[in-house]
Amino acid sequence: MSFDKINVIDKLETIFSDTFSEDDYVFSSETGRDDIDEWDSLNHIRLLTAIEAEFGFQFDLNEIEELTSVSAIADIIQNRLN
Amino acid sequence: MHELPWLPSTLPDFNERCSHIADSENLIDEVRLLANCCISINQSNRLARAINKLTDENRNKLSGAFSPFKLGLVSNATMDLFVPSFIVSALRKGILLDVITADFGQIAQEAFDPESVLNRAKPDAVLLALDYRAYSFSANALAMSNADCDSQEALGFLKNVRNAFMQNSGVICITQTLASPPFALAGSFDLQKDGMIRKEIQKFNTGLIEDLNTTSDILMDVSSLANQVGANDWFDERQWYMSKVPIANRFIPLYADYLSRQIAALRGKNKKCLVLDLDNTLWGGVIGDDGLDGIKIGQGNPIGEAHLAIQQYAAELKKLGVILAVCSKNEPDIAREPFRQHPDMLLKEKDFAVFVANWEDKASNIREIANMLNIGLDSLVFVDDNPAEREIVRTLVPEVAVPELPQDPSLIPRTLSAAGYFDIINLTSDDIKRSAQYAENVQREQIRQKSGSVDAYLASLDMKIAFSEFDELGRKRITQLINKTNQFNLTTKRYTEVEVRHFEKSNDAYTMQARLVDRFGDNGMISVIICKDVDDCWEIDTWLMSCRVIKRRVEESMCDRLVDAARKKGITKLRGIYRPTEKNKLVKEHYKGLGFSLVNTEHDEDIWELNISDYKQKNPPISII
């Protein structure tokens with residue numbers, strides 16, 4: 001199955017709104033850790049657990065370091081799935 | 001990924017409903033519904049947040065239906081992600097949980113300092129969420145333990161921690177067995193050599209179980225839970241290295257559910273009765289269509305063996321005191337045929353306290369079963385292979401636990417066991433007799449309906465009662481009754497075993513336990529009274545009675561005895577308190593019936609008093625032994 005990036009980002013939007021309760025940020029591919037106050041280390045784990053559950057794979061530690069923005073996350077997911 | 005397969009899947013509008021939870025028409029049912037679906041940790045977080053935001057008024061509403069419980073939490077790991085799941089899982093079991101979390105790693109400090117956060121908070125129990133990495137023998141080691149430290153030392157440390165919590169705040173600890181991490185140095189030999197972590201963990205677990213035998217601390221067997229899912233999945237080194245999260249995130253809801261079962265058992269909220277469907281549940285096929293020769297049950301056929309295993313599971317639960325009942329849509333006579341005539345049926349008619357087979361809807365039948373057994377709807381588990389029946393019961397009787405079942409009958413015992421509905425923390429001899437007692441009760445009820453006058457009926461029961469003050473022998477059962485009795489309970493105060501022991505030893509308390517035998521059998525311990533000595537008056541702090549003996553004038557016999565004891569001690573007055581809850585309307589007029597006068601009503605509580613000198617002996621038809 002091939003995922004295009006738009007498709008992945010759509011799914012990420014749902015996951016983000018599920019993970020973070022605050023709604024005063026604008027979700028886009030540019031959204032990054034600095035834009036969301038709640039995106040601390042614990043919520044980072046919640047976020048990646050939700051992504052792993054949705055897409056059915058596990059990030060490796062190197063990838064986790066790089067999960068700093070929506071766009072970066074989408075790239076890694078696409079890499080893993082295609 | 002579905003780690004709680006017995007729960008129905010989450011609702012499509014779950015998030016929306018969480019946001020509007022305060023506006024729902026029936027808050028209690030809504031909370032029950034949301035907590036009872038299989039939700040992710042993000043959704044748990046959302047629901048827990050919504051609960052925390054409720055106004056005091058709404059919270060009070062919840063505490064009528066959900067029993068409040070304060071849990072202290074210490075850990076060698078980061079537990080922040082767990083807390084929302086704890087709260088949601090507890091709601092699933094009828095508990096309104098408040099969690100007080102100690103700072104990361106503050107184990108000894110919290111236990112030994114009488115002024116620590118937890119010791120000051122006086123929780124109902126402390127969870128010692130410690131995995132193998134908490135103990136010196138395995139700290140900073142992978143598979144071979146640190147020199148000079150072993151499991152013995154770890155057990156000693158744990159014992160000191162448990163004792164300190166007990167001494168400083170009289171609180172019991174929930175204590176974990178250790179899961180073995182998925183590493184070995186020398187393969188199987190790891191288990192043969194002292195000093196290997198795998199071997200030390202095994203020694204630790206064996207030692208811990210023995211240590212707990214002599215205390216009221218609670219065992220939580222995390223090792224078995226981890227084995228069930230597999231250590232490779234249970235442990236996630238990435239999360240440990242990132243944030244010291246002790247287990248793979250996706251198992252947090254499972255761990256939380258496991259914990260909530262222990263809390264439910266402490267509060268007497270575990271289930272009492274297993275209600276079973278027949279066709280395609282207790283046997284394969286449909287008795288009305290396939291006939292006695294056509295249904296599949298017993299050895300020699302894989303489907304028959306799978307259904308036999310379901311019967312075995314039910315039969316073994318019955319040995320632990322679980323009441324069995326049948327609820328089937330069938331012709332009454334045809335439904336009973338396999339039990340009477342099929343040679344491979346393990347369960348017989350006499351194994352069931354209630355047998356309902358008719359064409360009424362199952363929701364009404366289940367209400368009727370609870371009614372006949374005189375137990376709460378929230379004590380029932382309903383097992384049916386038909387998704388439509390499950391859905392109807394869930395909707396119409398939301399108090400009843402209705403597990404989702406796999407299509408494959410061979411997976412049913414595993415699924416029921418994983419749900420842990422009947423988990424217990426101890427087993428008294430009364431528990432073992434319980435299922436027989438309920439069956440006898442149904443017989444009594446049938447006689448009562450036949451015999452005309454109530455008094456003639458009571459006399460025909462040939463009741464004998466025995467009284468004594470609290471003692472060690474009765475302590476576990478007393479604690480159990482105190483924690484699970486809802487209907488005949490004047491104040492609904494809950495006490496731990498430690499507190500019960502305190503009343504037992506105290507000079508300022510008068511305690512009473514009562515046992516009842518009748519011609520149908522031994523009812524075991526059925527009632528408990530605790531009076532506090534206040535000058536020349538006894539204030540009745542607790543008076544409760546098991547539902548299976550209500551309307552039998554037992555309370556009159558107890559009151560006769562209580563007044564007698566008070567008189568001998570020079571007490572001149574009894575004071576009774578009625579504190580209303582959702583469930584105890586039954587006893588609103590209890591003291592009035594015994595000749596007390598209402599003297600005051602404050603904060604909803606009715607205060608009743610009785611001058612000992614005015615008391616008229618009741619002498620109900622119950623002999624005293």
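Start where the chains meet, bearing in mind that this is a predicted model: select both chains, and you will find 15 residues of chain B in contact with 12 residues of chain A. On the side of chain B that touches chain A, the elements giving two or more residues are helix 3 (41-52) and helix 12 (237-243) of chain B, and helix 12 of chain B supplies the largest share, with 4 residues.

Next, colour chain B by domain, using 67-266 for domain 1, 273-419 for domain 2 and 455-624 for domain 3. The centres of domain 1 and domain 2 of chain B, taken over C-alpha atoms, are separated by 37 Å.

Which residues have the most contacts inside the largest nonpolar core? Select I87(B), A125(B), V126(B), L127(B), L128(B) and Y255(B), which hold that position in a core of 88 residues. Helix 13 of chain B, residues 252-266, gives the most to this core, contributing 10 residues.

Within this group, centre the view on L127(B) and show its neighbours: leaving aside residues up to four places away in sequence, L127(B) touches L71(B), G72(B), L73(B), I174(B) and L259(B).

For the last stop, select V275(B), I287(B), F382(B) and Y438(B), which are among the members of a second, separate core of 50 residues.

Definitions and conventions
Residues numbered from 1 in each chain as written. Chains lettered and ligands numbered in written order. Predicted model: local features only at pLDDT ≥ 70, side-chain atom pairs only at ≥ 80, totals over all residues. Domains from an automatic or database assignment. Core = buried A, V, L, I, M, F, W, Y, C linked by C-beta atoms within 7 Å. Buried ≥ 20, exposed ≤ 12 C-beta atoms within 10 Å, placed from the backbone. Contact = placed C-beta atoms within 7 Å.
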